[in-house]
Amino acid sequence: MASDAAAPDVRVVGGWASPFVMRVCVALKLKGVAYEFLQEPLGKKSELLLASNPVHKKMPVLLHGGRPVCESLVILHYVDEAFATTGPQILPADPYDRAAHRFWAEYADAKLPTALRTLRGMVDGDKAEAAEHVAAALERLEEAFAACSKGRHFFAGDGVGFLDIVLGSYVGWFRAAEQITGQPVLDGARTPRLVAWAARFCAHEAVADMMPDAGRLVEFGEALRSALEPGGQCFSAVTGVTARQ
């Protein structure tokens, strides 16, 4: 993921496979802001990342004029405000709509990541239970889509907006989980509106080049899991624990 003409004052520190990093890249592309993408090494944390986000030590980090902005949802708000004069507005203009979109974005981030990691085999847990957990959350988000979209193509209406970017960033990993488990995650029988929305989202000009291939994500997950196993080359770098401890 990278812009066509990278601007030295806008940089994104992250990893191509992270849905949280993808959000930042999609928002910048939607706004028409050129940026430089700085890929983090597999299973490690660069000095730049640690210096830029010393509190959580996580990606993504947006560097704008050398100043770091951390946490994907915070970055989306920042991009919308810092580049208000270019591209479409990312957050709804109406205060109530904006609050609703923020609520459902936080809901998605509270309900989906751990269950998806379980389905991918990145953490221990009951895969059937995790699948049902994701399905229940998506059914709630199906209802949210009906309310937020007001009969139009995206959560934001006629174009991609804040909640589209947040939930849409998981679509690649939904598809990867489907390959791993052999079961649908976005199920046309249970969430037909979201299935149709996901297809439109992935085809959007700001998203199409950013959405990672499911097969490549599966391979990435296997490589990361191997690297982070006790005794793996990246295990101690990430956890601070060696195989002997």
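What follows is a working chat about a predicted model of one protein chain.

User: What are the ground rules for the values here?
Analyst: Residues are numbered from 1 along each chain as its sequence is written, and side-chain values use heavy atoms, with hydrogens and water left out. The model is predicted, with local features needing pLDDT of at least 70 and side-chain atom pairs counting only at pLDDT 80 or more, while totals for chains, interfaces and linings use all residues.

User: And what is the mean pLDDT of the chain?
Analyst: The mean is 90, and 90% of the residues reach 70 or more. pLDDT is the predictor's confidence in each residue, from 0 to 100. Residues 1–7 are below 50, and this stretch has 20 contacts beyond near neighbours in sequence; a contact means heavy atoms within 4.5 Å. Residues 232–245 also stay under 50, with 23 contacts beyond four places in sequence. Where pLDDT is low, the predicted coordinates should not be read in detail.

User: Which domain does UniProt list?
Analyst: An unreviewed UniProt entry lists "domain: GST C-terminal" for residues 94–220. UniProt positions are given in the numbering used here, feature names are shortened, and annotations may be inferred rather than shown by experiment. In the model, residues 94–220 are 66% helix and 0% strand, with the end C-alpha atoms 40 Å apart. Helices (H or I, at least four residues) and strands (E, at least two) are DSSP runs, numbered from the N terminus.

User: How many residues are in the largest nonpolar core?
Analyst: That core has 61 residues, and L28, L167, F174 and W197 have the most contacts inside it. A nonpolar core is a set of buried Ala, Val, Leu, Ile, Met, Phe, Trp, Tyr and Cys residues joined through side-chain atoms within 4.5 Å. Buried means under 20% relative accessible area, exposed over 50%, and partly exposed in between (1.4 Å probe, protein chains only).

User: What does W197 touch?
Analyst: Leaving out residues up to four places away in sequence, W197 touches F145, H153, F154, F155, D164, L167, G168 and V171. V171 is in helix α8 and counts as buried because its relative accessibility is 0%. Beyond four places in sequence, V171 touches W197, A198, C202 and M211.

User: Is D80 buried or exposed?
Analyst: D80 is buried, because its relative accessible area is 9%. D80 lies in helix α3, and beyond four places in sequence D80 touches K31, P88, Q89, I90 and L91. The other buried residues of α3 (residues 72–82) include S72, L73, I75 and L76. Cover for the buried residues of α3 includes α1, β3 (61–64), β4 (67–70), α4 (95–111) and α7 (162–168).

User: Where is the cis peptide bond?
Analyst: It joins M59 and P60, with omega about 10°. P60 lies in the loop between α2 (47–52) and β3. K57 is in the loop between α2 and β3 as well, and its phi is near 60°, a positive value in a residue other than glycine. K150, in the loop between α6 (127–149) and α7, has a positive phi of about 55° although it is not a glycine. Most residues other than glycine have a negative phi, and most peptide bonds are trans.
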